[in-house]
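Here is a walk through a protein model, taken one region at a time. Keep the viewer open and follow along.

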Amino acid sequence: MSCHRPESTPVASPAGTGPDHNSLALMQPRAPAETPRQMKNGAPVKANNVAPQGVYLPNYNILTPHMRSPEYVQMSTAAAITLGVVQGKMYRCSCTRCLNLLLTYPEGCRANCAYCGLARHREAERDYADRNFIRVDWPAVPLDTVIDIVARDAAASPFHRMCISMITHPRSDHDTVSVLKRWTERIDPSAIPVSILSNPTTMTRDDVERLHQLGADIFTVALDAATPAIFDRTRGKGVQSPHTWAKYWEILMDARDVFGPQKFGAHIIIGMGETEQQALSLVQRLVDLGGHSHMFCFFPEKGSLMDHLPATPRDQWRRVQLGRYLIDYRAVRVEQMSFDSEGRVTGFGIPQGELDAVIDAGIAFRTSGCPGKFAEDISACDRPYGDSPPSNIASFPFQPDRSDLRKIRRQLRLVERRN
Ligand code: SF4
C-alpha cells in the first residue's frame, strides 16, 4: 500500500462534541497507604504455610496456599480455560492463543505501579495469588501440570505462543530461566515460540543474553507509560515504586541488540495522560529501532491506585489503535499524520480509500502483541477482555464483524473529507 499521498484524509470531529481524551491533569493516581507490618511481604501466607494441592483458584475467603515459582505459576482465566484446568466460557471466544505464565510468590511483586492490580500496596488487603490483574483472576497451576498437558501434542496445541511474565522480585530473573529451561526441555520452541515479558529493574544485559540463548523468541519491555513524566508518576517515585524510565530503555536497547529486528517490543498503556501525538511518536520511535509496540487501553483496575479514574474514551483509543497499526504494519510515518493543538489525531496522512480498507479489515482493532501462527499482524496474545468489559470492547480478542466495525467507525469519530 502506498503511504505518501496525504491529500485526502479523514479528520477527527471538532473538539467539544463528545468525550475528551484522558488528560495529564485528570489522570493522577492516589497516594499508596502505609501497609501494617504484619501484612508485609506475604507474611500471612508464610505464617499459615498451607501446602498447595493442584490448581488454586483465587478465593479471598480461604487461606491462600504457600506457592512459589518455579514450581507454581499463575495464568489468566482465559489461559486456564484453554488449558482445560478451569471450567468456563468466554464471550465470543472459544480459546486464547497465548499461554501467559506469571511468576508467583507470597511476597508478590515488590513494585507499586499505580494502574496494576498486582501492586505491592495491595498486600494490606489481598494475598498476592488472589489479586485481580488486567480485570481477571489468575489461577495458580503447578508448572509440571502445565507442561504435561501442552507436551502431549505441542504442534496441535491451541496455544500459538507461551509468554513468561516476570514481576519485580529478587527471584524473578533466576526463576524465569528455570521456567524457560523446564519448558524447552519438553516442548520444542519452534512448535510454540516463547516470549519474555521482562522486568528490567532487576535485569542486566547478561540476563537478556541468557534468555535468548535458552530459546526465547521475543523479548518485550512493559514501558506502559508513554512519557518519562507519566512513567515516574505511575510506576516510579510518584508511587514509591522502584522503576526508572532510563533502566527500562537500557534493557530495551539490550533486547534490540540481542534479539534483533522484529523480535523485541514495548507495551504502552493508552489514556494515562499522554497525548495521542506523544503515544504515536513513541510507536514511531520503536518502529525506527526495529521493534513493535503492544497496546493496552487504560482501564481502572479494581483495587489499584487509579481505580477512581475513567477508562480511556473510545475515540481516543480507536484513533491511537489505528495510528499504531498504520505505523507498525503499513509503513505510514507519524510525520505524515496531523494533530490538533491538544495532540489529537486529525488526519492519518493516507488517502481515504486506503484508510477505509485498513479500517474494514478490522485487524487494527484487535488486541496487539506478539504474533501467533495466523499472520504477522495478528497477535497470539489476545487477552480476552483484559482492557475492557465485553459490553464495550477496547481490544478485540477476535476478528471484528460488520456490526463491530460500524461501532468502531462511530467511535473513531472520523469526518470524511473526500476530494
Ligand atoms: S512491575 Fe508489573 S506486575 Fe509489578 S506492579 Fe508494576 S506493572 Fe504490576
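Predicted model: local features only at pLDDT ≥ 70, side-chain atom pairs only at ≥ 80, totals over all residues.

Setting aside neighbours within four places in sequence, Thr82 is in contact with Met90, Cys95, Thr96, Pro158 and Phe159.

Now turn to Arg30, in the loop between β1 (11-12) and α1 (43-48). Its relative accessibility is 37%, so Arg30 counts as partly exposed, a label for values between 20% and 50%. A polar atom of the Arg30 side chain lies 2.9 Å from the backbone oxygen of Ser304. Beyond its neighbours within four places in sequence, Arg30 is also in contact with residues that include Val239, Leu305, Asp307 and His308. Another pairing to look at is Arg30 with Gly238: 208 residues separate them in sequence, while their C-alpha atoms are 9.7 Å apart in space.

Next comes the interior. In soluble globular proteins, nonpolar side chains tend to be buried together. Here the largest nonpolar core has 113 residues, and Leu99, Trp183, Phe219 and Leu322 have the most contacts inside it. Helix α7 (residues 245-259) gives the most to this core, with eight residues.

Let us move on to the aromatic rings. A pair of aromatic rings is described by the distance of the centres and the angle of the planes. The structure holds eight aromatic pairs. One of them joins Phe133 and Trp138, a tilted pair with 5.1 Å centre to centre and 45° between the planes. Both partners are buried, Phe133 at 19% relative accessibility and Trp138 at 3%. The rings of Phe396 and Phe398 have their centres 5.7 Å apart and their planes at 85°, so this pair is edge-to-face. Phe396 is buried at 5% relative accessibility, and Phe398 is buried too, at 10%. Elsewhere, ring pairs link Phe231, Trp245, Tyr248 and Trp249 into a cluster.

Some rings have a charged neighbour. Arg135 lies over the face of Phe299, 4.7 Å from the ring centre. The charged end of Arg383 sits over the ring of Phe296, at 3.9 Å from its centre.

Finally, have a look at the backbone. Most residues other than glycine have a negative phi, and most peptide bonds are trans. Arg383, in the loop between α10 (352-361) and α11 (402-412), has a positive phi of about 35° although it is not a glycine. Its relative accessibility of 13% is under 20%, so Arg383 counts as buried. Ile134 also has a positive phi, near 40°, and lies in the loop between β3 (98-103) and β4 (140-142). Ile134 is partly exposed, with a relative accessible area of 22%. As for peptide bonds, a cis one joins Ser69 and Pro70, with omega about 10°. Pro70 is found in the loop between α1 and β2 (72-74).

Methods:
Residues numbered from 1 in each chain as written. Heavy atoms only, no water. Contact = heavy atoms within 4.5 Å. Helix = DSSP H or I, 4+ residues; strand = E, 2+ residues; numbered from the N terminus. Buried < 20%, exposed > 50% of the residue type's maximum accessible area, 1.4 Å probe, protein only. Polar contact = N/O pair within 3.5 Å; in protein donor to acceptor, adjacent residues only side chain to side chain. Core = buried A, V, L, I, M, F, W, Y, C linked by side-chain atoms within 4.5 Å. Phe/Tyr/Trp six-rings, centres within 6.5 Å; stacked < 30°, edge-to-face > 60°. Lys NZ or Arg CZ within 6 Å of the ring centre and 35° of its normal.
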